[in-house]
Amino acid sequence: MNNMRILLTGGGGMVGRNLLEHSALTDVEVMAPRSSELNLLDFSAVQKYLHKFKPDMVIHAAGKVGGIQANLRQPVAFLMENLDMGRNIVLASYEFGIKQLINLGSSCMYPRNHDEPLDEDLILKGELEPTNEGYALAKITTAKLCEYIMREDASFHYKTLIPCNLYGRHDKFDPLHSHLIPAIIHKIYQAKQSAQASVEIWGDGNARREFMYAGDLADALVHAINQFETIPDLMNIGLGHDYTINEYYEVVADVLGYGGTFTHDLTKPVGMARKLVSTKRQDKWGWKAQHTLREGIAKTYEYYLEQCL
(Lines give C-alpha, C1' and ligand atoms only; values in the text may rest on other atoms or scores of the structure.)
Protein backbone atom coordinates (compact mmCIF):
# COMPACT_ATOMS: atom_id res chain seq x y z
CA MET A 1 0.00 0.00 0.00
CA ASN A 2 3.05 2.29 -0.01
CA ASN A 3 2.57 5.53 -1.96
CA MET A 4 -1.11 4.83 -2.57
CA ARG A 5 -3.22 7.96 -3.05
CA ILE A 6 -6.71 7.76 -1.54
CA LEU A 7 -9.60 10.16 -2.04
CA LEU A 8 -11.73 10.28 1.11
CA THR A 9 -15.11 11.96 0.71
CA GLY A 10 -16.67 13.27 3.89
CA GLY A 11 -13.30 14.05 5.43
CA GLY A 12 -14.90 16.76 7.55
CA GLY A 13 -17.54 14.45 9.00
CA MET A 14 -17.37 12.16 12.00
CA VAL A 15 -16.28 9.05 10.09
CA GLY A 16 -13.76 10.92 7.97
CA ARG A 17 -12.17 12.77 10.88
CA ASN A 18 -11.85 9.61 12.94
CA LEU A 19 -10.18 7.89 10.00
CA LEU A 20 -7.75 10.77 9.48
CA GLU A 21 -6.85 10.65 13.18
CA HIS A 22 -6.10 6.92 13.15
CA SER A 23 -2.53 6.23 14.24
CA ALA A 24 -2.08 3.36 11.79
CA LEU A 25 -3.05 5.34 8.69
CA THR A 26 0.50 5.42 7.37
CA ASP A 27 2.29 4.89 4.05
CA VAL A 28 -0.67 6.32 2.12
CA GLU A 29 -1.56 9.80 0.92
CA VAL A 30 -5.11 10.73 1.86
CA MET A 31 -6.87 13.59 0.13
CA ALA A 32 -9.88 14.75 2.14
CA PRO A 33 -11.35 17.80 0.40
CA ARG A 34 -14.11 19.75 2.10
CA SER A 35 -17.29 20.57 0.19
CA SER A 36 -15.86 23.98 -0.71
CA GLU A 37 -13.05 22.17 -2.56
CA LEU A 38 -15.12 19.34 -4.03
CA ASN A 39 -18.89 19.64 -4.46
CA LEU A 40 -20.08 16.03 -4.68
CA LEU A 41 -23.50 17.23 -5.84
CA ASP A 42 -21.87 18.47 -9.08
CA PHE A 43 -20.92 15.57 -11.38
CA SER A 44 -18.70 17.74 -13.56
CA ALA A 45 -16.80 18.98 -10.51
CA VAL A 46 -16.23 15.39 -9.37
CA GLN A 47 -14.96 14.43 -12.83
CA LYS A 48 -12.52 17.34 -12.87
CA TYR A 49 -11.24 16.56 -9.37
CA LEU A 50 -10.51 12.92 -10.22
CA HIS A 51 -8.82 13.92 -13.47
CA LYS A 52 -6.62 16.44 -11.63
CA PHE A 53 -5.57 14.36 -8.61
CA LYS A 54 -5.78 10.78 -9.98
CA PRO A 55 -6.46 8.78 -6.79
CA ASP A 56 -5.77 5.04 -6.70
CA MET A 57 -8.67 4.34 -4.34
CA VAL A 58 -11.83 6.13 -3.25
CA ILE A 59 -13.48 5.85 0.15
CA HIS A 60 -16.97 7.33 0.03
CA ALA A 61 -17.88 8.41 3.55
CA ALA A 62 -19.72 11.65 2.75
CA GLY A 63 -23.40 12.01 3.36
CA LYS A 64 -26.20 14.12 4.76
CA VAL A 65 -26.86 12.50 8.11
CA GLY A 66 -29.10 13.13 11.12
CA GLY A 67 -31.43 11.56 13.64
CA ILE A 68 -35.15 10.90 13.51
CA GLN A 69 -36.13 14.55 13.85
CA ALA A 70 -33.88 15.67 10.98
CA ASN A 71 -35.03 12.84 8.69
CA LEU A 72 -38.69 13.59 9.37
CA ARG A 73 -38.14 17.30 8.76
CA GLN A 74 -36.18 17.04 5.48
CA PRO A 75 -36.99 13.79 3.63
CA VAL A 76 -36.39 15.32 0.18
CA ALA A 77 -32.89 16.52 1.07
CA PHE A 78 -31.96 13.21 2.74
CA LEU A 79 -33.02 11.29 -0.37
CA MET A 80 -31.67 13.54 -3.12
CA GLU A 81 -28.41 14.78 -1.61
CA ASN A 82 -27.28 11.31 -0.57
CA LEU A 83 -28.36 9.85 -3.90
CA ASP A 84 -26.55 12.53 -5.90
CA MET A 85 -23.36 12.28 -3.84
CA GLY A 86 -23.29 8.50 -4.12
CA ARG A 87 -23.95 8.17 -7.82
CA ASN A 88 -21.65 11.06 -8.74
CA ILE A 89 -18.57 9.72 -6.94
CA VAL A 90 -19.17 6.10 -7.97
CA LEU A 91 -19.91 6.83 -11.64
CA ALA A 92 -17.06 9.32 -11.97
CA SER A 93 -14.66 6.81 -10.40
CA TYR A 94 -15.87 4.15 -12.83
CA GLU A 95 -15.55 6.53 -15.78
CA PHE A 96 -12.02 7.49 -14.74
CA GLY A 97 -10.96 3.84 -14.33
CA ILE A 98 -10.39 3.78 -10.55
CA LYS A 99 -10.45 0.07 -9.74
CA GLN A 100 -10.79 0.16 -5.93
CA LEU A 101 -13.62 1.88 -4.07
CA ILE A 102 -15.05 1.48 -0.58
CA ASN A 103 -18.61 2.74 -0.27
CA LEU A 104 -20.06 3.24 3.20
CA GLY A 105 -23.69 2.23 3.49
CA SER A 106 -25.97 2.29 6.53
CA SER A 107 -27.91 -0.22 8.58
CA CYS A 108 -30.98 1.88 7.64
CA MET A 109 -30.79 -0.03 4.33
CA TYR A 110 -32.30 -3.09 6.01
CA PRO A 111 -36.01 -3.93 6.38
CA ARG A 112 -37.73 -2.77 9.54
CA ASN A 113 -38.92 -4.93 12.42
CA HIS A 114 -36.49 -7.83 12.27
CA ASP A 115 -35.74 -9.36 15.65
CA GLU A 116 -32.82 -11.41 14.38
CA PRO A 117 -29.43 -9.97 13.34
CA LEU A 118 -29.61 -8.32 9.92
CA ASP A 119 -27.80 -10.40 7.31
CA GLU A 120 -26.44 -8.68 4.20
CA ASP A 121 -28.79 -10.73 2.00
CA LEU A 122 -31.83 -9.02 3.57
CA ILE A 123 -31.41 -5.79 1.58
CA LEU A 124 -34.55 -5.17 -0.53
CA LYS A 125 -36.32 -8.04 1.25
CA GLY A 126 -38.87 -5.94 3.15
CA GLU A 127 -40.37 -2.55 4.03
CA LEU A 128 -37.95 0.15 5.15
CA GLU A 129 -38.30 2.14 8.37
CA PRO A 130 -40.49 5.16 7.39
CA THR A 131 -38.66 7.64 9.64
CA ASN A 132 -35.49 7.47 7.49
CA GLU A 133 -36.74 5.89 4.27
CA GLY A 134 -35.31 8.53 1.92
CA TYR A 135 -31.80 8.21 3.35
CA ALA A 136 -32.05 4.42 3.16
CA LEU A 137 -33.20 4.45 -0.48
CA ALA A 138 -30.23 6.62 -1.46
CA LYS A 139 -27.80 4.29 0.31
CA ILE A 140 -29.34 1.18 -1.25
CA THR A 141 -29.15 2.71 -4.73
CA THR A 142 -25.47 3.59 -4.32
CA ALA A 143 -24.66 0.09 -3.06
CA LYS A 144 -26.52 -1.45 -5.99
CA LEU A 145 -24.65 0.81 -8.41
CA CYS A 146 -21.38 -0.55 -7.01
CA GLU A 147 -22.70 -4.09 -7.42
CA TYR A 148 -23.82 -3.48 -11.01
CA ILE A 149 -20.46 -1.99 -12.00
CA MET A 150 -18.67 -5.11 -10.74
CA ARG A 151 -21.20 -7.27 -12.56
CA GLU A 152 -20.48 -5.49 -15.86
CA ASP A 153 -16.71 -5.39 -15.42
CA ALA A 154 -15.02 -7.77 -12.98
CA SER A 155 -11.81 -5.72 -13.01
CA PHE A 156 -13.55 -3.12 -10.82
CA HIS A 157 -13.80 -3.83 -7.09
CA TYR A 158 -16.38 -1.52 -5.55
CA LYS A 159 -17.06 -2.83 -2.04
CA THR A 160 -19.83 -1.62 0.27
CA LEU A 161 -19.33 -1.69 4.04
CA ILE A 162 -22.47 -1.26 6.14
CA PRO A 163 -21.68 0.15 9.59
CA CYS A 164 -24.13 -0.09 12.43
CA ASN A 165 -25.10 3.16 14.15
CA LEU A 166 -22.09 5.26 15.16
CA TYR A 167 -21.13 7.79 17.81
CA GLY A 168 -17.89 9.31 18.99
CA ARG A 169 -15.42 12.13 18.56
CA HIS A 170 -16.52 14.77 16.02
CA ASP A 171 -20.17 13.81 16.47
CA LYS A 172 -23.03 16.33 16.27
CA PHE A 173 -24.47 17.24 19.68
CA ASP A 174 -27.10 19.78 18.60
CA PRO A 175 -30.49 18.15 19.36
CA LEU A 176 -31.83 19.25 15.96
CA HIS A 177 -29.18 17.22 14.12
CA SER A 178 -27.81 14.61 16.52
CA HIS A 179 -28.22 10.88 16.74
CA LEU A 180 -29.13 9.04 19.91
CA ILE A 181 -25.94 8.90 22.00
CA PRO A 182 -24.67 12.48 21.46
CA ALA A 183 -28.24 13.68 22.05
CA ILE A 184 -28.33 11.76 25.34
CA ILE A 185 -24.94 13.15 26.39
CA HIS A 186 -26.07 16.71 25.68
CA LYS A 187 -29.44 16.22 27.37
CA ILE A 188 -28.02 14.65 30.53
CA TYR A 189 -25.21 17.20 30.75
CA GLN A 190 -27.77 20.01 30.60
CA ALA A 191 -29.92 18.26 33.19
CA LYS A 192 -26.97 17.87 35.52
CA GLN A 193 -25.90 21.51 35.10
CA SER A 194 -29.41 22.80 35.84
CA ALA A 195 -30.06 20.26 38.62
CA GLN A 196 -33.08 18.74 36.86
CA ALA A 197 -34.63 15.92 38.86
CA SER A 198 -35.51 13.86 35.78
CA VAL A 199 -34.75 13.42 32.08
CA GLU A 200 -37.36 12.50 29.45
CA ILE A 201 -36.90 9.49 27.16
CA TRP A 202 -38.88 9.15 23.93
CA GLY A 203 -41.02 6.00 23.99
CA ASP A 204 -40.76 3.30 26.63
CA GLY A 205 -37.00 2.96 26.17
CA ASN A 206 -37.18 -0.75 25.34
CA ALA A 207 -36.25 -0.41 21.66
CA ARG A 208 -32.81 -1.89 21.06
CA ARG A 209 -29.98 -0.23 19.14
CA GLU A 210 -26.41 -1.14 18.19
CA PHE A 211 -24.05 1.84 18.46
CA MET A 212 -20.34 1.46 17.72
CA TYR A 213 -17.63 3.96 18.62
CA ALA A 214 -16.55 5.77 15.43
CA GLY A 215 -12.89 5.16 16.19
CA ASP A 216 -13.58 1.46 15.77
CA LEU A 217 -15.03 2.00 12.30
CA ALA A 218 -11.89 3.97 11.44
CA ASP A 219 -9.87 0.96 12.56
CA ALA A 220 -11.96 -1.30 10.31
CA LEU A 221 -11.36 1.05 7.37
CA VAL A 222 -7.59 1.03 7.93
CA HIS A 223 -7.76 -2.76 7.98
CA ALA A 224 -9.82 -2.63 4.77
CA ILE A 225 -7.26 -0.40 3.03
CA ASN A 226 -4.46 -2.78 3.94
CA GLN A 227 -6.42 -5.94 3.16
CA PHE A 228 -8.61 -4.67 0.33
CA GLU A 229 -8.60 -7.89 -1.70
CA THR A 230 -10.05 -9.83 1.23
CA ILE A 231 -13.13 -7.62 1.77
CA PRO A 232 -16.44 -9.23 0.76
CA ASP A 233 -18.37 -7.23 -1.83
CA LEU A 234 -20.98 -6.39 0.82
CA MET A 235 -20.25 -6.58 4.55
CA ASN A 236 -21.63 -5.28 7.82
CA ILE A 237 -19.32 -3.61 10.32
CA GLY A 238 -20.72 -3.80 13.83
CA LEU A 239 -20.56 -5.08 17.38
CA GLY A 240 -22.78 -8.14 17.07
CA HIS A 241 -24.75 -7.11 20.18
CA ASP A 242 -27.06 -4.27 21.14
CA TYR A 243 -28.53 -2.35 24.10
CA THR A 244 -31.90 -0.85 24.96
CA ILE A 245 -32.44 2.91 24.79
CA ASN A 246 -32.87 2.85 28.56
CA GLU A 247 -29.45 1.20 28.95
CA TYR A 248 -27.78 3.91 26.86
CA TYR A 249 -29.32 6.56 29.11
CA GLU A 250 -28.15 4.67 32.21
CA VAL A 251 -24.54 4.33 31.01
CA VAL A 252 -24.34 7.99 29.95
CA ALA A 253 -25.80 9.07 33.30
CA ASP A 254 -23.22 6.94 35.10
CA VAL A 255 -20.29 8.34 33.06
CA LEU A 256 -21.50 11.94 33.59
CA GLY A 257 -22.34 11.40 37.27
CA TYR A 258 -26.02 12.33 36.88
CA GLY A 259 -28.17 11.02 39.73
CA GLY A 260 -31.66 11.96 38.55
CA THR A 261 -34.48 9.73 37.32
CA PHE A 262 -35.97 9.06 33.89
CA THR A 263 -39.51 9.56 32.57
CA HIS A 264 -40.98 8.21 29.31
CA ASP A 265 -43.06 10.06 26.71
CA LEU A 266 -45.02 7.31 24.96
CA THR A 267 -46.40 9.73 22.33
CA LYS A 268 -43.01 10.27 20.64
CA PRO A 269 -41.73 8.23 17.63
CA VAL A 270 -39.05 5.65 18.38
CA GLY A 271 -38.26 4.05 15.00
CA MET A 272 -37.57 0.35 14.67
CA ALA A 273 -37.96 -1.92 17.70
CA ARG A 274 -34.55 -3.44 17.00
CA LYS A 275 -31.73 -2.97 14.50
CA LEU A 276 -28.78 -5.30 15.01
CA VAL A 277 -26.45 -6.23 12.15
CA SER A 278 -25.09 -9.70 11.63
CA THR A 279 -21.30 -9.86 11.98
CA LYS A 280 -20.81 -13.33 10.44
CA ARG A 281 -18.93 -12.01 7.40
CA GLN A 282 -16.98 -9.55 9.52
CA ASP A 283 -15.97 -12.28 11.97
CA LYS A 284 -14.75 -14.43 9.09
CA TRP A 285 -12.85 -11.42 7.72
CA GLY A 286 -11.02 -11.26 11.04
CA TRP A 287 -11.84 -7.88 12.57
CA LYS A 288 -13.71 -6.82 15.73
CA ALA A 289 -14.44 -3.56 17.56
CA GLN A 290 -12.25 -2.80 20.58
CA HIS A 291 -14.17 -0.22 22.65
CA THR A 292 -16.73 -1.15 25.28
CA LEU A 293 -19.84 1.04 25.48
CA ARG A 294 -18.59 2.78 28.61
CA GLU A 295 -15.13 3.40 27.11
CA GLY A 296 -16.63 4.86 23.94
CA ILE A 297 -19.06 7.11 25.81
CA ALA A 298 -16.29 8.33 28.13
CA LYS A 299 -14.13 9.35 25.15
CA THR A 300 -17.11 10.97 23.44
CA TYR A 301 -17.99 12.91 26.60
CA GLU A 302 -14.38 14.08 26.89
CA TYR A 303 -14.59 15.41 23.30
CA TYR A 304 -17.94 17.08 24.12
CA LEU A 305 -16.42 18.91 27.08
CA GLU A 306 -13.35 19.99 25.08
CA GLN A 307 -14.94 21.04 21.81
CA CYS A 308 -18.67 21.63 22.22
CA LEU A 309 -19.07 23.86 25.28
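In this predicted model, the side chain of Arg-151 is in polar contact with the side chain of Glu-147, at 2.8 Å. Arg-151 belongs to helix α5. With a relative accessibility of 59%, Arg-151 is classed as exposed, because the cut-off for that class is over 50%.

**Helix α5 and the six-stranded sheet**

Helix α5 lies across strands β4 and β5, and the direction of α5 makes an angle of about 150° with β5. Both strands are part of an open six-stranded sheet, in which the order is β2-β1-β3-β4-β5-β10 and the pairing is parallel. At the edges of this sheet are β2 (28-31) and β10 (234-237), each of which pairs on one side only.

Which strand pairs with β10, and over how many bridges? Strand β5, residues 157-163, pairs with β10 in the parallel sense, over four bridges. Within this pairing, Leu-161 has Met-235 of β10 as its bridge partner.

**Glu-120**

The loop that runs between β4 (100-104) and α5 (133-152) contains Glu-120. Is Glu-120 buried or exposed? Its relative accessible area is 2%, and Glu-120 therefore counts as buried, the limit being under 20%.

Two polar partners of the Glu-120 side chain can be named. A polar atom of this side chain is 2.8 Å from the backbone nitrogen of Asn-236. The side chain of Arg-281 forms a polar contact with the side chain of Glu-120 at 3.4 Å. Leaving aside residues up to four places away in sequence, Glu-120 touches Tyr-110, Leu-234, Met-235, Asn-236, Ser-278 and Arg-281. Met-235, one of these contacts of Glu-120, is also the bridge partner of Leu-161.

Helix α1 covers residues 14-21, and its buried residues are Met-14, Val-15, Gly-16, Asn-18 and Leu-19. The elements that cover these buried residues include the strands β1 (4-9), β3 (57-60), β4 and β6 (165-167), along with helix α7 (214-226).

The packing of two helices is described by the angle between their axes and by the distance between those axes. For α1 and α7, the angle is about 65° and the axes are 8 Å apart. This crossing is right-handed. On the α1 side, the contact is made by Met-14, Val-15, Asn-18 and Leu-19. On the α7 side, Ala-214, Gly-215, Leu-217, Ala-218, Leu-221 and Val-222 take part. The residues of the contact comprise eight nonpolar and two polar ones, with no charged residue.

β7 runs parallel to strand β12 (residues 261-265), to which five bridges join it. Trp-202 has Asp-265 of β12 as its bridge partner.

Trp-202 is also touched by Pro-269, which is in contact with Ile-68 and Leu-72 as well, not counting residues up to four places away in sequence. Pro-269 is located in the loop between β12 and β13. Its relative accessible area is 33%, so Pro-269 is partly exposed, falling between the limits of 20% and 50%. Pro-269 and Phe-78 are 191 residues apart along the chain, and their C-alpha atoms are 18 Å apart.

**The three-stranded sheet**

A further open sheet has three strands in the order β11-β8-β13, and its pairing is mixed. The edge strands are β11 (243-244) and β13 (274-275), each pairing on one side only. Strand β8, residues 208-209, runs parallel to β13 and is joined to it by two bridges. Here the bridge partner of Arg-208 is Arg-274 of β13.

| Residue | Relative accessible area | Class |
|---|---|---|
| Glu-120 | 2% | buried |
| Pro-269 | 33% | partly exposed |
| Arg-151 | 59% | exposed |

Terms used:
Residues are numbered from 1 along each chain as its sequence is written. This is a predicted model: local features need pLDDT of at least 70, side-chain atom pairs count only at pLDDT 80 or more; totals for chains, interfaces and linings use all residues. Side-chain values use heavy atoms; hydrogens and water are left out. Buried means under 20% relative accessible area, exposed over 50%, partly exposed in between (1.4 Å probe, protein chains only). A polar contact is a pair of N or O atoms within 3.5 Å; within protein, one must be able to donate a hydrogen and the other to accept it, and residues adjacent in sequence count only if both atoms are side-chain atoms. Contact means heavy atoms within 4.5 Å. Two strands pair if DSSP finds at least two bridges between them. Axes are lines fitted to C-alpha atoms, for helices over the stretch in contact, and angles run from 0 to 180 degrees between N-to-C directions. A crossing is left-handed if the near helix is turned anticlockwise from the far one by less than a right angle, and right-handed if clockwise. Ala, Val, Leu, Ile, Met, Phe, Trp, Tyr, Cys and Pro count as nonpolar, Asp, Glu, Lys and Arg as charged, and the others, Gly among them, as polar.
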